[in-house]
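This briefing is for a reader who is new to the structure shown below.

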Amino acid sequence: MNKILLIIRREYLSRVKKKSFIVLTFVVPLLIMIMYAGVIFLIADGDKLSGPRSIVVVDESGIFANQFKNDATTTYLYSTSDIETAKEEFKNSKNDFLLQIPPIGEEKRIRVQIFSEKQPGIGLVSSIGDEIENVIRDKKLLDANIDTAILNNLSTKVSVDTKKLTEDGEKDASTIATFGIGLVCAFLIYLFIFLYGVQVMRGVIEEKTNRIVEVIISSVRPFQLMMGKIIGIAMVGLTQFLLWVILSVAVTSVVGAVFVGGAEKNIIENVQSSTGVTDAEMQAVQETGVMEKVMKELGTINFPFILGCFIFYFLGGYLMYSALFAAIGSAVDNETETQQFMLPITIPLIFAFIISVNVVPNAPDSALAFWLSIIPLTSPVVMMVRIAYEVPTWELLLSMGLLIVGFVFTVWIAGRIYRTGILMYGKKVTFKELGKWLFYK
């Protein structure tokens with residue numbers, strides 16, 4: 001045990017003292033600050049990035065005169081010329097786009113065309129299509145003697161609140177907020193397993209190619225060396241993760257205080273200009289207490305429980321996969337030879353993350369979601385997302401128990417490969433050869 005502790009200490013201190021570790025620890029929160037500032041800037045002034053643009057409208061239907069709304073960046077000009085003449089005039093003008101609207105009858109789909117020398121953005125095409133659809137809808141309603149104001153009053157927005165029935169009564173619950181937190185935790189586990197698992201593999205390859213391991217093995221057993229390396233790098237990952245959380249929260253708070261307040265007015269103005277919402281309507285939206293609702297939903301999350309599950313699955317998943325990465329590192333002579341062995345190991349993790357994003361939110365109680373949250377190779381990612389949907393206690397305990405068993409079994413396999421491969425040089429290893437190593441005495 002003392003030898004393992006010495007290896008853990010060496011692996012931990014040798015990495016946290018590196019300039020790259022220190023720089024990366026402080027650069028990541030800085031990048032988060034820049035990202036937040038950039039997002040806020042783009043939301044506030046994003047429409048101004050494309051600059052002013054003018055659109056010539058050739059309305060062959062005769063119902064769109066002055067129907068398009070001008071804003072700070074877009075100006076609509078209406079032409080009375082036919083389309084061919086308008087095209088010639090457009091080529092000799094400084095206008096940006098030419099919009100042709102054909103005659104409109106009873107057809108269910110019409111084809112509108114935009115002519116330009118440069119490709120229009122998706123936002124512009126979408127907004128033009130929406131405005132044309134609204135105008136056509138209003139005209140058809142009027143032709144049918146249906147008052148659009150009455151029709152608009154018929155629409156009602158529905159807000160669905162979730163309540164959890166417990167023995168103590170009803171409690172507020174927010175599946176969306178909990179799912180968001182669980183998905184973030186699953187992504188962090190996915191990211192850190194790859195990031196620090198590869199570090200274990202590279203460390204083993206480096207010591208093997210430099211022949212340092214021959215000296216180390218004379219003092220410690222291969223299994224002790226492997227476990228010390230895995231646990232030491234795990235502690236490095238936890239240290240960096242905790243520092244990132246602390247610094248990111250601090251940086252995000254500063255960015256929010258400095259930038260959000262100044263950009264709020266611009267954001268509201270852009271929303272109004274793009275949607276046509278009046279000042280009174282915007283004021284009503286602001287008074288609905290959206291921020292209070294967000295804080296209320298966050299207050300329903302059991303953060304200690306989620307944090308505990310995150311730490312368990314983070315450590316369990318990392319230790320299991322790192323043992324496999326260490327075994328790969330011991331079996332090869334350089335990093336280019338690792339690709340054939342890494343793919344079968346990483347496929348379950350990649351598959352688990354894809355399923356967590358696309359399948360689990362829609363079917364959290366399906367057989368697929370259940371088994372993937374139980375199988376040790378996929379449970380660290382999938383179970384963190386399923387936690388949002390009130391997983392039964394027995395399923396959670398079964399998943400944790402099997403993850404521990406999977407870790408022990410994986411370490412045993414990795415140890416058998418590691419003890420043989422760490423001192424083998426110059427031989428191309430195959431899966432068949434690895435299978436033989438498991439039974440060497």
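**Helices α11 and α12**

Y321, L324, F325 and I328 of α11 are in contact with F341, M342, I345, T346, P348 and L349 of α12. The model is a predicted one. By class, this contact between α11 and α12 has nine nonpolar residues, one polar residue and no charged residues.

- Helix α11 covers residues 303–331, and its axis comes within 10 Å of the axis of α12.
- The two axes cross at roughly 170°, and α11 and α12 are therefore roughly antiparallel to each other, as the angle is over 145 degrees.

**The protein as a whole**

- The protein contains 16 helices and six strands.
- It has 441 residues, and 39% of them count as buried.
- Among contacts with a separation of 6 or more, 70% are between residues 24 or more positions apart.
- The accessible surface is about 25,900 Å², and carbon and sulfur atoms account for 63% of that surface.

**L349 in α12**

- L349, which lies in helix α12, has a relative accessible area of 1% and is buried.
- The threshold for buried is under 20% relative accessible area, so L349 falls in that class at 1%.
- Leaving aside neighbours within four places in sequence, L349 is in contact with Y190, I193, F194, Y321, L377 and V381.
- One of these contacts, Y321, belongs to the α11 side of the contact between α11 and α12.
- Another, V381, belongs to the α14 side of the contact between α12 and α14.
- Y190 is 159 residues from L349 in sequence, while the C-alpha atoms of the two residues are 7.2 Å apart in space.

**Helices α12 and α14**

- Two packed helices are described by the angle between their axes and the distance between the axes.
- For α12 and α14, the angle is about 15° and the axes are 8 Å apart.
- That angle makes α12 roughly parallel to α14.
- The crossing of these two helices is right-handed.
- On the α12 side the contact is made by L349, A352, F353 and S356, and on the α14 side by V381, V382 and V385.
- Six residues of this contact are nonpolar, one is polar and none is charged.
- An α-helix has 3.6 residues a turn, so residues three or four places apart point the same way.

**Helix α13 and its surroundings**

- Helix α13 spans residues 367–374, and its buried residues are A369, F370, L372, S373 and I374.
- These buried residues pack against three helices: α12 (339–358), α14 (379–386) and α15 (393–421).
- The axis of α13 comes within 8 Å of the axis of α15, and the two cross at roughly 40°.
- The contact of α13 with α15 consists of five nonpolar residues, two polar residues and one charged residue.

**G415 in α15**

- G415 has its place in helix α15 and, at 11% relative accessibility, counts as buried.
- Not counting residues up to four places away in sequence, G415 touches F223 and M226.
- The C-alpha atoms of G415 and L438 are separated by 8.8 Å, with the two residues 23 positions apart along the chain.

- T73 is in the loop between β1 (53–59) and β2 (74–79).
- With a relative accessibility of 10%, T73 counts as buried.
- P52 is 21 residues from T73 along the chain, and the C-alpha atoms of the two are separated by 4.4 Å.
- I104 is in the loop between β3 (97–101) and β4 (113–115).
- I104 has a relative accessible area of 27% and is partly exposed.
- Apart from neighbours within four places in sequence, I104 is in contact with S61, I63, F64, I110 and I136.
- I63, one of these contacts, is 41 residues from I104 along the chain, and their C-alpha atoms are separated by 9.0 Å.

Definitions and conventions
Residues numbered from 1 in each chain as written. Predicted model: local features only at pLDDT ≥ 70, side-chain atom pairs only at ≥ 80, totals over all residues. Heavy atoms only, no water. Buried < 20%, exposed > 50% of the residue type's maximum accessible area, 1.4 Å probe, protein only. Helix = DSSP H or I, 4+ residues; strand = E, 2+ residues; numbered from the N terminus. Contact = heavy atoms within 4.5 Å. Areas by Shrake-Rupley, 256 points an atom, 1.4 Å probe, with all protein chains shown as cover. Axes fitted to C-alpha atoms, helices over the stretch in contact; angles between N-to-C directions. Parallel < 35°, antiparallel > 145°, perpendicular 65-115°, else oblique. Left-handed = near helix turned anticlockwise from the far one by under 90°. Nonpolar A, V, L, I, M, F, W, Y, C, P; charged D, E, K, R; others polar.
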